[in-house]
Amino acid sequence: MSEWKSLSSITSKIGSGSTPRGGNSVYSDSGISFIRSQNVLDMDFSTENLAFINDEQAEKLNNVIVEKNDILLNITGDSIARCTVVPEEILPARVNQHVSIIRCKNTEESKYVMYYLQYMKKYLLQISKVGGTRNALTKEAIGKLPIKISDDCNKISKILDNIDQKIQTNNQINQELEAMAKALYDYWFVQFDFPDQNGKPYKSSGGKMVYNPELKREIPEGWGVEKLGDITICHDSKRVPLSSNDRELVKGKIPYYGATGIMDYVNDYIFDGDYVLMAEDGSVMTETGTPILQRISGKNWVNNHAHVLEPVKNHSCKLLMMLLKDVSVMKIKTGSIQMKINQENMNKIVVPAIPLELLFEINQKLEVIDKQQLNLIEENKQLTQLRDWLLPMLMNGQVKVEWGKEA
């Protein structure tokens, strides 16, 4: 049995927040989580660039306290209509004016309602364009949204959530693999305790170090430096952006990458191989001030907000990412209003020139990790496509939910 209800009738709160006076200047490294639209993804949450505010600032936003099981919906800007359920681990939290809190009276329905809003995304995008010059979803429009409530709500959300949980598990494994790669790289090429000719850690065993003025630090005697432009090919000339409307017309299974991740899936590609992406403008850096990097492989389409780098001269993609992970964006950016990393400045980035024999050794170790990560990334792509295929079919009744012995 199914029943149509307005969203306002099944919720106890629909409301957005505001930004503390002072904006970015008042954010801190710890405290109360402050959620912005960039953190709210489609059925997912990004802790990258998650801001924090202090208790005094949070007190002024007590009317927009985020609670467990709350749905977060982006209501303005380019990311409008993205929604997810808030992850419990980032609580306590507040939201800014670009994010709406939707609180279900029956919290068991939260994930179903979130998935239903995702199912309605095309409609949400349509109604956000009515009147005015900037896309926006009003509280009134959100409250009037028709939600189909049925006896299968929890079963439907369970199926979809199981897929999302597997994606999250894969992401966690990938983060652990990344930490392993970083630890290995740091030991070899930050602490410079790579195996010497006797198999002992170079620096700790008394290996001679000399100061390098370009890197502004000591490196092993006999080593030099090289520029990023010498060890990579930048394929920026191939990047072609597609608008959201364009992408709706060419839906497919090939990832369409932006500056920070997969934005969509299309039916054609402009790159086929192994590359590293470096965000070029907008969200050009992580919360630690380093470049946003992505590892891509196979057939892909990349828009004009990320540099596409192919490593050469015996450098691997994984090693390239390790070399770039500590680069300061502030030293290579241009523009005072919107930060931008142009190709000229990027190619001037200086890195240690690792001797050939060590390149082969580190690549062998890093590529084992890289392969495992790529396999998990590919599995997540397939899981995402399965979920996105199932979502409308479950919501419109094309697929009937039946459980076996185990739910």
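What is the relative accessible area of Asp 42, and is that residue buried, exposed or partly exposed?

Modeller: Happy to! This is a predicted model, so a local feature is described where pLDDT is at least 70, side-chain atom pairs count only at pLDDT 80 or more, and totals for chains, interfaces and linings use all residues. Residues are numbered from 1 along each chain as its sequence is written, and side-chain values use heavy atoms, leaving out hydrogens and water.

Now to your residue. Asp 42 has a relative accessible area of 25%, which makes it partly exposed. The cut-offs are under 20% for buried and over 50% for exposed, with partly exposed in between (1.4 Å probe, protein chains only). The partner of Asp 42 is Lys 121: they form a salt bridge in which the closest N and O atoms are 3.0 Å apart. The term means that a side-chain nitrogen of Lys or Arg lies within 4 Å of a carboxyl oxygen of Asp or Glu. Asp 42 sits in the loop between strand 4 (40–41) and strand 5 (44–45), while Lys 121 belongs to helix 3 (residues 121–127), so this pair ties together parts that are 79 residues apart in sequence. Helices (H or I, at least four residues) and strands (E, at least two) are DSSP runs, numbered from the N terminus.

The structure holds 23 salt bridges.

What surrounds helix 2 itself? Eight of its 10 residues are buried, so helix 2 is largely enclosed by the rest of the structure. Among those buried are Ser 110, Val 113, Met 114 and Leu 117.

Part of the surroundings is helix 10. The axes of helix 2 (residues 110–119) and helix 10 (residues 356–395) come within 10 Å and cross at roughly 100°. That makes helix 2 roughly perpendicular to helix 10. For the angle names, under 35 degrees is roughly parallel, over 145 roughly antiparallel, 65 to 115 roughly perpendicular, and the rest oblique. The axes are lines fitted to C-alpha atoms, for helices over the stretch in contact, and the angles run from 0 to 180 degrees between N-to-C directions.

Which residues touch? From helix 2, Tyr 112, Tyr 115, Tyr 116, Gln 118 and Tyr 119 meet Leu 391, Pro 392 and Met 395 of helix 10; contact means heavy atoms within 4.5 Å. These residues divide into seven nonpolar, one polar and no charged. In that sorting, Ala, Val, Leu, Ile, Met, Phe, Trp, Tyr, Cys and Pro are nonpolar, Asp, Glu, Lys and Arg are charged, and the others, Gly among them, are polar.

Arg 387 forms a salt bridge with Asp 164, with the closest N and O atoms 2.6 Å apart. Arg 387 lies in helix 10 and Asp 164 in helix 5, so the pair ties together parts that are 223 residues apart in sequence. Arg 387 is buried at 7% relative accessibility, and Asp 164 is buried at 5%. Elsewhere, salt bridges that share partners join Lys 182, Asp 186, Lys 325 and Asp 326 into one network.

Finally, a contrast to remember. Lys 381 is also found in helix 10. Lys 381 is buried yet has no salt bridge, and the nearest side chain of opposite charge, Glu 378, is 4.1 Å away. Here Lys and Arg count as positive and Asp and Glu as negative, with His and the chain ends not counted. Leaving aside neighbours within four places in sequence, Lys 381 touches Pro 255, Tyr 257, Ile 262, Tyr 265, Ser 297 and Asn 300.
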